[in-house]
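These are my notebook entries on one protein model. I set down what I looked up, entry by entry.

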Amino acid sequence: MNTYTADDLWVWNKLFQRQLENIPNKASETYLEAVDVMKPVLNADELPDFSKLGEWFKDSTSWSLEVVPGLIEVEDFFKLLAQKKFCSSTWLRSKDSLDYLEEPDMFHDIFGHVPLLSNSIFSAFMQEFAQLGCDFINDKEKIKQLQRLYWFTIEFGVIKENGIIKSYGAGILSSFGETNQIAELKANFHPFEMDTILQKEFRTDVMQEDYFVIDSYEQLFESLQQLKKEWKDQMVLA
């Protein structure tokens, strides 16, 4: 169990409040609605209580939080997500690292990822994605492709709402700078094409230059179902 300090609470409050004020009209409406609904268990004034968050999810999409030390093995990651156990760190960045981290901390995991898990369609997408990873865990190329899909959707996904490109990926929404980069359209925005994404390399050490725009969360889920069917069909024919 982590013992947090006054500095930790300051960092959490600073990051949360700053980004909460930054994301209106920049984040997906679905995400903003989720953050608002979750205020009793997710807010700037108290560090996240994983048990309280788990209790809250029992009345929505039944996710729980699984404490992990940081990045974990891909196989374990897929297995936990398939069981609706979202992996989160409990460590928090320091005061002198507010704006950039290469490895995800608790602010990234909780503020960035957790709210959208309360949306039934996105929740289903996340679980189905993980199950697909479990089904093909021994196929290195397909696992690499799923990692790219994760990167350009769950981490760095954007959506067009009412003609405006907005962010829903956790890597964006936990980043003050990247949220603003997208709002200012200072990047390349491409139509969401599964085949392109599966072959697209990415970097973890810079702000992204390319984003793939979905029209709806239904599109995201349906595209995954289509990929699942294609891969299963290939397995039958092999």
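What percentage of the 238 residues of the protein chain count as buried? I found that 50% of them do. I note at the outset that the model is predicted.

**Entry 1: the whole chain**

I looked up the secondary structure and found 11 helices and 6 strands. I then turned to the overall dimensions. Along the principal axes, the C-alpha atoms fill a box of roughly 60 × 40 × 35 Å.

**Entry 2: Asp8**

I located Asp8 in helix 1, which covers residues 6-22. Which side chain of opposite charge is nearest to Asp8? It is Lys95, at 9.7 Å. A salt bridge requires the nitrogen and the oxygen to lie within 4 Å. Asp8 is buried and has no salt bridge. Beyond its neighbours within four places in sequence, I found Asp8 in contact with Thr3, Leu47 and Leu92.

**Entry 3: aromatic pairs**

I counted the aromatic pairs next, and the count comes to 21. One of them is formed by Trp12 and Phe107, edge-to-face, with 5.6 Å centre to centre and 75° between the planes. Trp12 belongs to helix 1 and Phe107 to helix 5 (residues 106-113), so this pair ties together parts that are 95 residues apart in sequence. Trp12 is buried, with a relative accessible area of 0%, and Phe107 is buried as well, at 1%.

I then examined Phe122 and Tyr217. Their ring centres are 6.0 Å apart and their planes stand at 85°, so I recorded the pair as edge-to-face. Phe122 lies in helix 6 (residues 120-135) and Tyr217 in helix 11 (residues 217-237), so that distant parts of the chain, 95 residues apart, are linked.

**Entry 4: charges over rings**

Finally, I looked up charges placed over rings. Lys95 lies over the face of Trp10, 4.8 Å from the ring centre. The charged end of Lys142 sits over the ring of Trp231, at 5.1 Å from its centre.

Key
Residues are numbered from 1 along each chain as its sequence is written. This is a predicted model: local features need pLDDT of at least 70, side-chain atom pairs count only at pLDDT 80 or more; totals for chains, interfaces and linings use all residues. Side-chain values use heavy atoms; hydrogens and water are left out. Helices (H or I, at least four residues) and strands (E, at least two) are DSSP runs, numbered from the N terminus. Buried means under 20% relative accessible area, exposed over 50%, partly exposed in between (1.4 Å probe, protein chains only). Lys and Arg count as positive and Asp and Glu as negative; His and the chain ends are not counted. Contact means heavy atoms within 4.5 Å. Rings of Phe, Tyr and Trp (its six-membered ring) pair if their centres lie within 6.5 Å; planes under 30 degrees apart count as stacked, over 60 as edge-to-face and the rest as tilted. A charge sits over a ring if NZ of Lys or CZ of Arg is within 6 Å of the ring centre and within 35 degrees of the ring normal.
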